[in-house]
Amino acid sequence: MAKVVGEVVIDTERCKGCELCIAACPSKCLSLSNSINVHGFQYTVQSGDNCTGCASCALVCPDAVITVYRKVNK
Amino acid sequence: MSDIVCPENLVYKKPSTLKDAIMHYCPGCGHGVVHKLMMEVVEEMGIQNDIIGITPVGCSVFAYNYMDIDMEQAAHGRACALGTAVKRLYPEKYVFTYQGDGDLAAIGTCETMHAANRGEKMLTIFINNGIYGMTSGQMAPTTLEGAKTTTSPYGRDVETMGYPLRISELIANLPGVAYVTRQAVNTPANVRKCKKALKTALEYQKQGLGYCMVEVVSNCPSNNKCTPLEANKFVEEQMLPFYKLGDIKVPEGK
Amino acid sequence: MGEVKLMKGNEALAEAMIRAGADGYFGYPITPQSEVLEYLAKESDKCIIKRTGMVVLQAESEVSAINMIYGGAAAGKRVMTTSSSPGMSLMQEGISYIAGAELPCLLANVSRGGPGLGTIQPSQSDYFQSCKGGGHGDYHMIVLAPSSVQEMVDFVKLGFELAEKYRTPAMILADGAIGQMMEKVELFDQMPRRTEFPEWAANGKPKDGPSRFVTSLNIKPELMEIINERLQAKYKEIAKNETLFETQNLDDAEYIFTGFGMGARICNKAMELARAKGYKVGTIRPKTIWPFPYDIYANVAKKVKGILDVEFNAGQMVEDVRLAVNGTCPVEFYGRMGGMIPSPEEIIEKFEEYFINGGK
């Protein structure tokens with residue numbers, strides 16, 4: 001069965017840690033990092049491997065820091 | 001990096017029309033989302049060289065630092081006057097104003113109403129978060145009844161401070177107006193709809209149908225003294241019941 | 001020789017605007033300058049001047065009109081508005097923004113008596129507002145003071161030229177009398193509208209260059225200071241290069257009558273009457289009241305017994321005259337206010353009272 005797999009690349013230096021993406025993710029695969037970026041913000045990281053590449057996180061991201069990729073594994 | 005991250009699998013990236021500068025907005029602010037959506041639409045329509053934006057006074061005064069298009073920064077409330085002149089002088093270009101609720105619904109109501117009434121063929125993006133952002137949390141014309149702000153510390157008393165103003169419903173009554181819609185950016189689904197509305201408005205502008213307004217009900221985590229998630233919950237539970245989403249006016253036959 | 005016509009001041013100004021290749025006029029009716037918009041409207045079809053394609057729009061207020069000017073100028077177009085004193089007060093915020101954003105445009109104030117709603121009769125009581133920065137912040141605009149209908153025409157062309165040369169707002173400070181009176185004028189030939197725009201103009205991002213933005217804002221004080229220093233350097237340059245004035249009979253003059261605009265014209269008549277009575281009087285008329293021709297007053301003050309400044313106000317330009325003269329000779333003032341105009345006979349009477357009959 002074909003399986004959709006996704007992955008996000010987060011520009012962590014531009015992330016402000018607002019967590020809107022974390023709440024928007026239907027797969028619950030995003031979380032806040034334990035470390036901070038150069039601006040002092042905790043940033044979002046992909047912590048789960050069940051991303052489907054739906055881009056919900058990127059849509060609600062006010063700082064346009066998320067790039068989304070999606071692949072169909074056959 | 002996995003084999004998923006490669007160009008042929010790309011489904012979403014920051015539009016090239018949005019500059020790389022880090023936006024000064026507070027974490028979670030809706031301005032960033034709307035800037036991004038507008039620039040996505042500009043990129044998709046291929047009109048980066050043919051659009052002029054007018055920025056307001058308010059938090060989004062610096063929009064020109066983020067949108068990679070030609071922009072003019074207006075005096076407080078006067079964006080629609082600038083927009084009128086630019087559109088009249090360059091009728092072949094796209095023109096939009098980007099204004100908050102203080103800029104548009106208080107000091108700039110006159111300019112906005114008259115530009116709309118003349119049917120100026122431009123778009124106004126109206127960010128309504130129900131509070132003054134840049135000056136730190138004073139009451140806006142759009143502040144909800146009972147809402148506490150620094151200038152209505154005991155809650156907005158409509159008997160003495162006036163009622164929250166539904167600009168979009170007012171504007172929709174004017175014959176020069178082609179399209180008025182109220183959107184939000186608090187959920188992925190609403191973000192998608194908002195983008196579609198922005199694109200629709202620019203298409204109507206191209207067709208010369210008249211003045212268009214896309215109101216976006218937005219948040220203000222800092223001045224509502226809450227987290228971005230709580231601010232979006234406030235939008236959902238308090239703002240949207242009063243500022244109902246959807247098209248308020250569409251051109252005939254559309 | 002250009003076309004010669006008998007025209008009303010306001011109409012001549014409007015005709016000159018079309019001929020100067022203006023791209024847009026945005027204005028709001030107010031007495032005594034409403035004929036400007038009326039004339040342009042008559043020449044228009046669907047808010048476009050038929051001859052040239054210039055945009056003409058009646059704004060909903062002076063506040064809106066000046067911000068339309070700001071918008072049009074920022075997009076690189078040659079734009080103009082006109083108003084009269086109370087309307088000009090409403091425009092001050094916009095003028096400050098235009099000066100701050102360093103945009104060229106031309107304004108005309110066909111001024112009337114104030115303060116407040118005042119009167120609709122001619123006055124020169126907006127000198128301070130025009131020359132000393134009527135809005136907020138350290139700025140100046142170039143201010144031309146016409147004393148004839150001919151200059152209402154000539155100064156439109158000159159005003160656009162100077163505004164564009166220095167990227168700064170310019171103003172024609174007329175008064176209700178020049179706006180309303182009819183005189184013979186020689187019109188310059190139609191100039192073409194521009195087809196190329198300055199590289200700073202925000203009129204659509206160039207395909208081969210960065211996007212532009214026009215703003216008067218800079219949140220960093222150390223950068224805002226640099227912008228202010230640049231503005232002040234520009235004002236110095238304008239003062240050095242563009243100060244204009246006119247003199248009559250200075251060679252043998254023992255006394256000077258001075259005034260600007262219509263006031264200067266009455267001074268010239270008074271000078272004739274004075275000379276007929278045997279007084280050696282000359283006149284000085286600043287054509288630019290900002291920049292002000294300080295040097296001519298400073299130089300003349302060394303040679304004359306006194307200067308009489310005549311204005312349709314409580315004494316505004318006289319402050320600049322006194323600044324220039326700096327005590328070298330006596331400077332007296334005579335003015336009428338509220339829309340009243342001094343007659344040449346009154347001026348002679350005051351002159352004799354101040355300078356001949358041994359003072360007040």
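How many bridges join strand S3 of chain B to S11(C)? There are 2, and the strands run parallel. Strand S3 covers residues 70–73 of chain B. Strands here are DSSP runs of E with at least two residues, helices are runs of H or I with at least four, and both are numbered from the N terminus. Two strands pair if DSSP finds at least two bridges between them. One bridge sets Met71(B) against Phe213(C) in S11(C).

This is a predicted model, in which local features need pLDDT of at least 70, side-chain atom pairs count only at pLDDT 80 or more, and totals for chains, interfaces and linings use all residues. Residues are numbered from 1 along each chain as its sequence is written, chains are lettered from A and ligands numbered from 1 in the order in which they are written, and side-chain values use heavy atoms, without hydrogens and water.

Now follow the sheet. It is open, has 8 strands and shows mixed pairing. Its order is S8(B)-S6(B)-S7(B)-S5(B)-S4(B)-S2(B)-S3(B)-S11(C). The edge strands are S8 (246–249) of chain B and S11 of chain C, and each pairs on one side only.

A pocket is an open set of points on a 1 Å grid over the protein atoms alone, where a 1.4 Å probe fits, with protein on both sides within 12 Å along at least five of seven lines; lining residues have an atom within 4 Å of a point. The largest pocket has a volume of about 550 Å³, counted as the space filled by probe spheres set on the points, which are joined across faces, edges and corners. It is lined by 24 residues, and Phe213(C) is one of those nearest its centre. S11 (213–214) and helix H8 (221–242) of chain C each give two or more residues to this lining. H8(C) gives the largest share, 4 residues.

The second largest pocket has a volume of about 310 Å³. Its lining has 16 residues, with His136(C) and Met224(C) among those nearest the centre. Here too H8(C) gives the largest share, 4 residues.

Finally, turn to helix H12 (residues 344–356) of chain C. At 1.5 Å a residue, its 13 residues should span 18 Å, and its end C-alpha atoms are 17 Å apart, which agrees. That expected span is 1.5 Å times one less than the number of residues. Its buried residues (under 20% relative accessible area, 1.4 Å probe, protein chains only) include Ile347(C), Phe351(C) and Phe355(C). After H12(C) comes Gly358(C), with a positive phi near 80°.

Conventions: Buried means under 20% relative accessible area, exposed over 50%, partly exposed in between (1.4 Å probe, protein chains only).
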